[in-house]
Amino acid sequence: MTVFTWSDRTRAELGAVLPEALVVLPFGATEQHGPHLATGTDALLATTLAHRAAERAAESSSRDLVLAPCLPFGASDHHLPFGGTLSLTTEVAIAVLTDLARSVASCGGRRLVIINGHGGNQGVCHAAAAAASARYGLSVSVVHYWNLVADHSAAPVPGHAGEFETSLVLAVDPDLVGRPVERIALPETAALPGVDLHDQANWLRIDGYTDRPERASAERGSNWLDEVEKALADRLIALAELP
């Protein structure tokens, strides 16, 4: 299998491979990540994992992969009060992602997988995937990369700019990580088992980031990256082989 980078190829080259290839679209965000992480964290991690997993998958799959450019803006309105955030409304984010899927189909693509790097994009991904599949005949899959960490009890997953994400960025590009403030006690947030609660007051209460980022380490981040990369590569191989 060959890994093609969409933006590096001509229309003829893409047209020749897209009908049998799996298109991989990283989907991130540009938003505040507390006082210590860069605003491009979600796009960085989604892109890094997509590229690493695609290269690994290429060693075992018989079908080509096409890496699309990362969509670096997502549904991040809940982070606007903190500054540093470029957000699409939920409705626009769904429309943009659905239009990109439509474009893939119009170019001859039949299989698309969205690698999501932002928690706020989860509903957007599933709404767009359902719409694109029904309207354009695409097979659309969605992967929220943090779900591929095997032992969630050993990692504060997914979190936002907490120990998990901070560790991943330390492993990818430590220059993008500032010194986290040590938290003596975690602010209380409302939560109910089995219930997804959306409450802006929760974000304000925790200053826009979760858990204990000061506990992050590059070593754990590297281990988690390797774990997700391997699991994601396996998914890409399986998705590429679908009829």
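Tutor: Let us begin with exposure: a residue counts as buried under 20% relative accessible area, as exposed over 50%, and as partly exposed in between. The model before us is predicted. Asp-207 has a relative accessible area of 43%, so it is partly exposed. Asp-207 is found in the loop between helix 6 and helix 7, and its phi is near 60°, a positive value in a residue other than glycine.

Student: Is Ala-161 buried or exposed?

Tutor: Ala-161 is buried, with a relative accessible area of 0%. Ala-161 also has a positive phi, about 60°, although it is not a glycine. Its place is in the loop between strand 5 and helix 5. Pro-158 is in the loop between strand 5 and helix 5 too, and a cis peptide bond joins Val-157 to Pro-158, with omega about -10°.

Student: How many residues of helix 5 are buried?

Tutor: Seven of the ten residues in helix 5 (163-172) are buried, among them Phe-164 and Leu-168. What covers the buried residues of this helix includes helix 2 and helix 7.

Student: How should I read a pair of aromatic rings?

Tutor: One looks at the angle between the ring planes: over 60 degrees, the pair counts as edge-to-face. The structure holds three aromatic pairs. In one of them, Tyr-145 and Trp-146 have ring centres 5.3 Å apart and planes at 75°, so the pair is edge-to-face. Both Tyr-145 and Trp-146 are buried.

Student: Which residue lies over the face of Tyr-209?

Tutor: That residue is Arg-183, at 3.7 Å from the ring centre.

Key
Residues numbered from 1 in each chain as written. Predicted model: local features only at pLDDT ≥ 70, side-chain atom pairs only at ≥ 80, totals over all residues. Heavy atoms only, no water. Phe/Tyr/Trp six-rings, centres within 6.5 Å; stacked < 30°, edge-to-face > 60°. Buried < 20%, exposed > 50% of the residue type's maximum accessible area, 1.4 Å probe, protein only. Lys NZ or Arg CZ within 6 Å of the ring centre and 35° of its normal. Helix = DSSP H or I, 4+ residues; strand = E, 2+ residues; numbered from the N terminus. Contact = heavy atoms within 4.5 Å.
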